[in-house]
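User: Could you walk me through this structure, one piece at a time?
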Amino acid sequence: MTLDELRTRIDKVDDGLKKLFIERMAIAHDIALIKAENGDEIYKPDREKAVIERLTEGMDESLKAEYTDFISNMMRISREYQIKVIGDIENK
(Lines give C-alpha, C1' and ligand atoms only; values in the text may rest on other atoms or scores of the structure.)
Protein backbone atom coordinates (compact mmCIF):
# COMPACT_ATOMS: atom_id res chain seq x y z
CA MET A 1 0.00 0.00 0.00
CA THR A 2 1.28 3.48 -0.85
CA LEU A 3 1.54 6.49 1.42
CA ASP A 4 -1.24 8.23 -0.52
CA GLU A 5 -3.52 5.22 -0.10
CA LEU A 6 -2.83 5.12 3.63
CA ARG A 7 -3.50 8.84 3.91
CA THR A 8 -6.81 8.35 2.12
CA ARG A 9 -7.72 5.62 4.62
CA ILE A 10 -6.76 7.77 7.62
CA ASP A 11 -8.76 10.69 6.17
CA LYS A 12 -11.84 8.44 6.13
CA VAL A 13 -11.22 7.45 9.75
CA ASP A 14 -10.81 11.13 10.68
CA ASP A 15 -14.10 11.95 8.94
CA GLY A 16 -15.80 9.26 11.01
CA LEU A 17 -14.22 10.57 14.20
CA LYS A 18 -15.46 14.08 13.37
CA LYS A 19 -19.03 12.81 13.00
CA LEU A 20 -18.81 10.88 16.27
CA PHE A 21 -17.24 13.86 18.05
CA ILE A 22 -20.12 16.11 17.00
CA GLU A 23 -22.62 13.49 18.16
CA ARG A 24 -20.81 13.07 21.49
CA MET A 25 -20.73 16.81 22.12
CA ALA A 26 -24.47 17.10 21.38
CA ILE A 27 -25.06 14.47 24.05
CA ALA A 28 -22.66 16.28 26.41
CA HIS A 29 -24.71 19.43 25.84
CA ASP A 30 -27.91 17.64 26.88
CA ILE A 31 -26.15 16.15 29.91
CA ALA A 32 -25.01 19.66 30.90
CA LEU A 33 -28.61 20.88 30.75
CA ILE A 34 -29.74 18.09 33.07
CA LYS A 35 -26.81 18.67 35.44
CA ALA A 36 -27.60 22.39 35.54
CA GLU A 37 -31.24 21.66 36.30
CA ASN A 38 -30.36 19.19 39.07
CA GLY A 39 -27.34 21.06 40.46
CA ASP A 40 -25.25 17.99 39.74
CA GLU A 41 -21.45 17.97 39.60
CA ILE A 42 -19.81 17.96 36.19
CA TYR A 43 -16.65 16.12 37.19
CA LYS A 44 -17.22 12.62 38.52
CA PRO A 45 -13.85 10.87 38.82
CA ASP A 46 -15.38 7.49 39.70
CA ARG A 47 -17.53 7.58 36.56
CA GLU A 48 -14.56 8.52 34.40
CA LYS A 49 -12.42 5.78 35.92
CA ALA A 50 -15.17 3.22 35.24
CA VAL A 51 -15.51 4.40 31.62
CA ILE A 52 -11.77 4.17 31.03
CA GLU A 53 -11.62 0.70 32.59
CA ARG A 54 -14.55 -0.49 30.46
CA LEU A 55 -13.14 0.92 27.23
CA THR A 56 -9.61 -0.37 27.75
CA GLU A 57 -10.58 -3.83 28.98
CA GLY A 58 -8.91 -6.48 26.87
CA MET A 59 -7.10 -3.92 24.76
CA ASP A 60 -3.67 -4.67 23.34
CA GLU A 61 -1.14 -3.34 25.85
CA SER A 62 0.91 -1.75 23.07
CA LEU A 63 -1.89 0.83 22.53
CA LYS A 64 -3.57 0.93 25.95
CA ALA A 65 -1.68 3.96 27.31
CA GLU A 66 -2.32 5.99 24.16
CA TYR A 67 -6.00 5.01 24.06
CA THR A 68 -6.37 5.86 27.76
CA ASP A 69 -4.88 9.27 27.01
CA PHE A 70 -7.29 9.70 24.07
CA ILE A 71 -10.31 8.84 26.23
CA SER A 72 -9.13 11.04 29.10
CA ASN A 73 -8.69 14.00 26.76
CA MET A 74 -12.08 13.40 25.18
CA MET A 75 -13.73 13.42 28.61
CA ARG A 76 -11.81 16.55 29.64
CA ILE A 77 -13.01 18.34 26.50
CA SER A 78 -16.55 17.18 27.23
CA ARG A 79 -16.33 18.49 30.82
CA GLU A 80 -15.01 21.85 29.63
CA TYR A 81 -17.85 22.07 27.13
CA GLN A 82 -20.39 21.24 29.83
CA ILE A 83 -18.92 24.00 32.02
CA LYS A 84 -19.31 26.42 29.10
CA VAL A 85 -22.92 25.35 28.48
CA ILE A 86 -23.84 25.76 32.15
CA GLY A 87 -22.04 29.11 32.27
CA ASP A 88 -24.05 30.29 29.26
CA ILE A 89 -27.26 29.26 31.03
CA GLU A 90 -26.28 31.07 34.22
CA ASN A 91 -25.35 34.24 32.33
CA LYS A 92 -28.72 34.57 30.62
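Analyst: Phe70 is partly exposed, at 44% relative accessible area, where partly exposed lies between buried (under 20%) and exposed (over 50%), using a 1.4 Å probe and protein chains only. This is a predicted model, in which local features need pLDDT of at least 70 and side-chain atom pairs count only at pLDDT 80 or more, while totals for chains, interfaces and linings use all residues. Residues are numbered from 1 along each chain as its sequence is written, and side-chain values use heavy atoms, leaving out hydrogens and water.

User: How many aromatic pairs are there in the whole structure?

Analyst: A search of the whole structure gives one. That pair is Tyr67 with Phe70, which are stacked at 6.1 Å centre to centre with 20° between the planes; rings of Phe, Tyr and Trp (its six-membered ring) pair if their centres lie within 6.5 Å, and planes under 30 degrees apart count as stacked, over 60 as edge-to-face and the rest as tilted.

User: Where do Tyr67 and Phe70 sit along the helix?

Analyst: They are three residues apart in helix H3, so about one helical turn separates them; helices are DSSP runs of H or I with at least four residues, numbered from the N terminus.

User: Switching to H1, which of its residues are buried?

Analyst: Met25, Ala28, Ala32 and Lys35 are buried in H1, and the buried residues of H1 pack against helix H3 (61-90).

User: And what follows H1?

Analyst: Gly39 follows H1, and the phi of Gly39 is positive, near 70°.

Definitions and conventions:
Helix = DSSP H or I, 4+ residues; strand = E, 2+ residues; numbered from the N terminus. Contact = heavy atoms within 4.5 Å.
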